[in-house]
Amino acid sequence: MYNENIMKIFKEAKNAGMLKGASGVGVAGNAKCGDVMKIYILVEGNVIKDAKFKTFGCVAAIASTDVACDLIKGKTIEQALKVTNKDVLNILQDVPAQKVHCSVLAQEAIAEAIKDFKKRQEREAKKNAK
């Protein structure tokens, strides 16, 4: 079902795990298929210095999240928001049609992590303004 590239990324997922002191955490999931992804980002200045994930799901879901983390590392917040599921699919190569939604969830998890980061920044700014 999965090509060698997807299986290699799945088996060697280097971004798996939590990220202590994360600047933002994003969750995306699909109740129908059971895939739930959580991406943690560490932001310094305006650059994502590190990204990790915890995913409950199939091989494609885990591989998609690992690739998504690689794609946003070293990027500014604005650049990371431009990462799409097509970018993930280009790296995974030949994803079965019924598993393409996993790349969409990875894109959504990135967006949610950045949204959480921005909310945290706003709260901190309000707190410091008092």
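This tour moves from the whole chain to its core and then to selected residues.

**Before starting**

The model is predicted: local features require pLDDT of at least 70, side-chain atom pairs count only at pLDDT 80 or more, and totals for chains, interfaces and linings use all residues. Residues are numbered from 1 along each chain as its sequence is written, and side-chain values use heavy atoms, with hydrogens and water left out.

**Stop 1: the whole chain**

The protein contains five helices and three strands. Here helices (H or I, at least four residues) and strands (E, at least two) are DSSP runs, numbered from the N terminus. Their order is α-β-β-β-α-α-α-α. The radius of gyration is 15 Å, close to the 14 Å that the globule rule gives for 130 residues, so the protein is as compact as a globular protein of that length. That radius is taken over C-alpha atoms, and the globule rule is 2.2 Å times the number of residues to the power 0.38.

Along its principal axes the trace spans about 55 × 30 × 25 Å.

**Stop 2: surface and contacts**

The protein exposes about 7200 Å², of which carbon and sulfur atoms supply 53%; accessible areas come from the Shrake-Rupley method with a 1.4 Å probe, and for residues only the protein chains shown count as cover. Of the 130 residues, 43% are buried. Buried means under 20% relative accessible area, exposed means over 50%, and partly exposed lies in between (1.4 Å probe, protein chains only).

Contact means heavy atoms within 4.5 Å. Among contacts between residues at least 6 apart in sequence, 62% join residues at least 24 apart.

**Stop 3: the largest nonpolar core**

Hide the surface and select Met37, Ile39, Ile41, Ile48, Ile72, Leu92 and Ile110. Of the 36 residues in the largest nonpolar core, these seven names mark the ones that touch the most other members. A nonpolar core is a set of buried Ala, Val, Leu, Ile, Met, Phe, Trp, Tyr and Cys residues joined through side-chain atoms within 4.5 Å. At least two residues of this core come from each of helix 1 (4-11), strand 2 (35-44), strand 3 (47-56), helix 2 (59-72), helix 3 (77-81), helix 4 (85-92) and helix 5 (101-129). Helix 2 gives the most, with ten residues. In soluble globular proteins, nonpolar side chains tend to be buried together.

Now centre the view on Ile41. Leaving aside neighbours within four places in sequence, Ile41 is in contact with Leu19, Ala22, Ser23, Gly24, Ile48, Asp50, Ala51, Ile72, Ala113, Ile114 and Phe117.

**Stop 4: along helix 1**

Select Asn5, which lies in helix 1. Its relative accessibility is 25%, so Asn5 counts as partly exposed. Beyond four places in sequence, Asn5 is in contact with Ile91, Leu92 and Gln93. Asn5 and Gln93 are 88 residues apart in sequence, yet their C-alpha atoms are 7.3 Å apart in space.

Move along helix 1 to Phe10. Phe10 is partly exposed, with a relative accessible area of 27%. Not counting residues up to four places away in sequence, Phe10 touches Val59, Ile62 and Ala63. Its C-alpha atom is separated by 7.9 Å from that of Asp66, 56 residues apart along the chain.

Lys8 also lies in helix 1 and, at 47% relative accessibility, counts as partly exposed. Draw a C-alpha to C-alpha distance from Lys8 to Val47: the two are 39 residues apart in sequence and 28 Å apart in space.

**Stop 5: the loop between helix 4 and helix 5**

Select Gln93, in the loop between helix 4 and helix 5. Phi of Gln93 is near 65°, a positive value in a residue other than glycine. Gln93 is partly exposed, at 46% relative accessible area.

Asp94 is found in the loop between helix 4 and helix 5 as well. Its phi is near 55°, again a positive value in a residue other than glycine. Asp94 is exposed, with a relative accessible area of 66%.

**Stop 6: strand 2**

Finish at Lys38, in strand 2. Lys38 is partly exposed, with a relative accessible area of 31%. Apart from neighbours within four places in sequence, its contacts are Val25, Gly26, Val27, Lys52, Phe53, Lys54 and Thr55. Lys38 and Thr55 are 17 residues apart in sequence and 6.1 Å apart in space, C-alpha to C-alpha.
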